[in-house]
Amino acid sequence: MEADQLKKDVRQEVINDLKRLSETPLKKQAIEENILQSLFLSELWRKSRVVGVTLSMGFEFETTKVIEQGLKEGKTMCIPKTFPGRKMSFFYHDLSQVLEESKFGVLEPTNDRLIEKEDIDLLIVPGVAFNKEGYRIGFGGGFYDRYLADFNGKTCSLVFDEQQREDIELEEHDLPVATLFTSTLKEVDNGTVS
């Protein structure tokens, strides 16, 4: 099977699994709280002053609590905005900022408070599927692959069991997320449990 087709199949299977999980909101919320507890207790989180995170869509990991917690701790929180040429930048967000829907159906910032890439300490990277080494299948736009190519801060992802797959075909440009926070393992750091 061609790599692109395999990626599409895995993406669709995992999205279907995540949508099924969303049909049991209390279960989904309990799993999210467990994973968030691991994140908020981690050294990665404690040492970060500027955190980049996406605004989640319905079936994804709910990220509002990440933003709320960061703001409560005095961190600068920022969310992405996409631009032509598959480019992406992060802008300040404090939950009171006006947002607009992108052509991808994602809410994006409208303010002009750009957060420079080198100022972001921790980037919480979204994805559809992840293997234990932190390689991921995203939503297919390639925005994060391009952004991560020269990103020097720390990276992590918040991952449901339904998203953990070992049938991910790697491509030359793929970069792993450094740390996965999952509900089954407290923390996975490039394949080693800590």
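The lining of the second largest pocket comprises four nonpolar, three polar and three charged residues. In this classification, Ala, Val, Leu, Ile, Met, Phe, Trp, Tyr, Cys and Pro count as nonpolar, Asp, Glu, Lys and Arg as charged, and the others, Gly among them, as polar. The structure is a predicted model, in which local features need pLDDT of at least 70 and side-chain atom pairs count only at pLDDT 80 or more, while totals for chains, interfaces and linings use all residues. Residues are numbered from 1 along each chain as its sequence is written, and side-chain values use heavy atoms, with hydrogens and water left out.

The residues around the second largest pocket are Thr82, Phe83, Pro84, Arg86, Ser102, Lys103, Phe104, Glu108, Gly141 and Phe143. A pocket is defined on a 1 Å grid over the protein atoms alone, as an open set of points with protein on both sides within 12 Å along at least five of seven lines; a cavity is a set of points where a 1.4 Å probe fits but cannot get out, and lining residues have an atom within 4 Å of a point. The second largest pocket holds about 160 Å³ of space, where a volume is the space filled by probe spheres set on the points, and grid points are joined across faces, edges and corners.

Arg86, one of these lining residues, lies in the loop between β2 and β3 (87-92). Helices (H or I, at least four residues) and strands (E, at least two) are DSSP runs, numbered from the N terminus. Although Arg86 is not a glycine, its phi is positive, at about 55°. Arg86 is partly exposed because its relative accessibility is 42%, given that buried means under 20% relative accessible area, exposed over 50%, and partly exposed in between (1.4 Å probe, protein chains only). Leu95, in the loop between β3 and β4 (99-101), also is not a glycine and has a positive phi of about 75°.

The largest pocket contains about 770 Å³ of space. Its lining has 32 residues, and Phe139, Gly140, Gly141, Gly142 and Phe143 lie nearest the centre. At least two lining residues come from each of α1 (3-22), β2 (76-83), β9 (136-137) and α5 (143-148). By class, the lining of the largest pocket has eleven nonpolar, nine polar and twelve charged residues.

Two cavities of 30 Å³ or more are also present. The largest cavity has a volume of about 190 Å³ and a lining of twelve nonpolar, six polar and one charged residues.
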